[in-house]
Every structure is written in C-alpha cells, then in structure tokens.
Amino acid sequence: MDIYNDYINFINEYEDFLYDLKDNDLNILLFFNDCINVMDYLSKKHLDGNTLEMEEDEVFDIGYGYLSNSLYDLKYYYEEIFKKDIKMMKKYDDLLIYHFTLDDIKGYLISNDQFDSEKESIFNDCEDLIEDYISNHKEVTNDILFKLQSYSEEILPKKNDFQPAYVVFGLMADELDLF
C-alpha cells in the first residue's frame, strides 16, 4: 500500500469523528478543513494515475503528517478528556484552537532555531494552562483567552514570517481553486 491509499484509509477511519465536529459546529474543524481538501485533491490526483510534481508530493507528506498527528490528538481529547461528549468539547473549542496554534508556533520556532529556554518556558506555561482548564473543566473566560493570545504573541519574534498550518493550507486550497 502506498501513502496515498494509506491516507484514504486514515481519513475514512476519522470520517465519523469529523462529521460529529461539523454537525456540532466546532470551530477547531476550520483548522483542518483546507488541509483535508488539499490532501483529498492530491490523493485523488495520484490515484487517478496522474503524476504529482515534487512540490505536491512534499505538500502531501507534510499535510499527512500534520493531519495524522493533529487528528489523533484531537480525538484523544474527545474520547479521553471529554468522554465522547461533543457538547462539552465545544465549550473548550477556543482552547483547543490555541493548543494547535501553539503547536504550530513551536514547530516554526524549532525549525528556525529560535526555540530557546525562555520560549520553552512560556510554551509550557501555556500548555499547562490549557490542560488545567480542559482537564478540570474550568469555565473558559475572555481573560484566559486574552492571556493565551498574549503568550502566543510573546513567544514569536517581533519580526517573523510565521503562518499557521491552516493558513498555509488555505492558501494552497485557494491556489488549487478548491473553493
């Protein structure tokens, strides 16, 4: 089996979960929609017998890794933390978005050799804060969201070219005219 068929099996495995997110209007799904659209397009193109350009192949590898790790984590939250209670999960939608955004920022900083001990400390504080709220089912307030936004801005260098994965895949989906 090749990676494209593996992706099809993977996305089929998560299909019901993704429908539940969509049916319950969880904003976190917006984080993954464009990536899924791009991945579906590229896998269909390959499986239809078309040759992918090297850049498309790289995008597929990166997208598949991103999706598999992220959806695995998200489903873990759904099953283990929220005990398959999608309404409870929806209450923490914003915190989940910050969790994945911070993960994107961390990856960016590491790839640019800018993830020092100070940034790691801020990152760990954010993750601990998110985990505390989610695990203990604390009420999410605007204050906590503002605090996480401030941390997210603080952890990034003042001048940077960071774009979250959902933005990058959104641009790709637009370039491929998938809207």
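Me: Which ring does the charged end of Lys 138 sit over?
Reply: The charged end of Lys 138 lies over the ring of Tyr 133, 5.4 Å from the ring centre. A charge sits over a ring if NZ of Lys or CZ of Arg is within 6 Å of the ring centre and within 35 degrees of the ring normal. The model is predicted, so local features need pLDDT of at least 70 and side-chain atom pairs count only at pLDDT 80 or more, while totals for chains, interfaces and linings use all residues. Residues are numbered from 1 along each chain as its sequence is written, and side-chain values use heavy atoms, with hydrogens and water left out.

Me: What lies over the face of Tyr 14?
Reply: Lys 75 does, at 5.0 Å from the ring centre.

Me: Is Lys 75 buried or exposed?
Reply: Lys 75 is buried, at 19% relative accessible area. Buried means under 20%, exposed over 50%, and partly exposed in between, with a 1.4 Å probe and protein chains only.

Me: Which side chain meets Lys 75 in a salt bridge?
Reply: That of Glu 79, at 3.9 Å from N to O. A salt bridge is a side-chain nitrogen of Lys or Arg within 4 Å of a carboxyl oxygen of Asp or Glu. Glu 79 and Lys 75 are four residues apart in helix α4, about one helical turn. Helices are DSSP runs of H or I with at least four residues, strands are runs of E with at least two, and both are numbered from the N terminus. Glu 79 is partly exposed, at 29%.

Me: How many salt bridges does the structure hold?
Reply: The structure holds four. Among them is Glu 56 with Lys 45, at 2.9 Å from N to O. This pair links distant parts of the chain, with Glu 56 in helix α4 and Lys 45 in helix α3, eleven residues apart. Both Glu 56 and Lys 45 are buried.

Me: Where does Asp 34 lie, and what about its charge?
Reply: Asp 34 lies in helix α3, residues 30-47. Asp 34 is buried yet has no salt bridge, and the nearest side chain of opposite charge, Lys 22, is 12 Å away. For charge, Lys and Arg count as positive and Asp and Glu as negative, with His and the chain ends not counted.

Me: What is Asp 34 in contact with?
Reply: Leaving aside neighbours within four places in sequence, Asp 34 is in contact with Tyr 166, Phe 169, Gly 170, Ala 173 and Phe 179. Contact means heavy atoms within 4.5 Å.

Me: Changing topic, how many aromatic pairs are there?
Reply: The count comes to 16 aromatic pairs. Rings of Phe, Tyr and Trp (its six-membered ring) pair if their centres lie within 6.5 Å; planes under 30 degrees apart count as stacked, over 60 as edge-to-face and the rest as tilted. The rings of Tyr 76 and Tyr 77 have centres 6.3 Å apart and planes at 70°, so this pair is edge-to-face.

Me: How is the pair of Phe 82 and Tyr 92 arranged?
Reply: Phe 82 and Tyr 92 are stacked, 5.7 Å centre to centre with 25° between the planes. Phe 82 lies in the loop between α4 (54-81) and α5 (86-91) and Tyr 92 in the loop between α5 and α6 (93-111), so the pair ties together parts ten residues apart in sequence. Both Phe 82 and Tyr 92 are buried.
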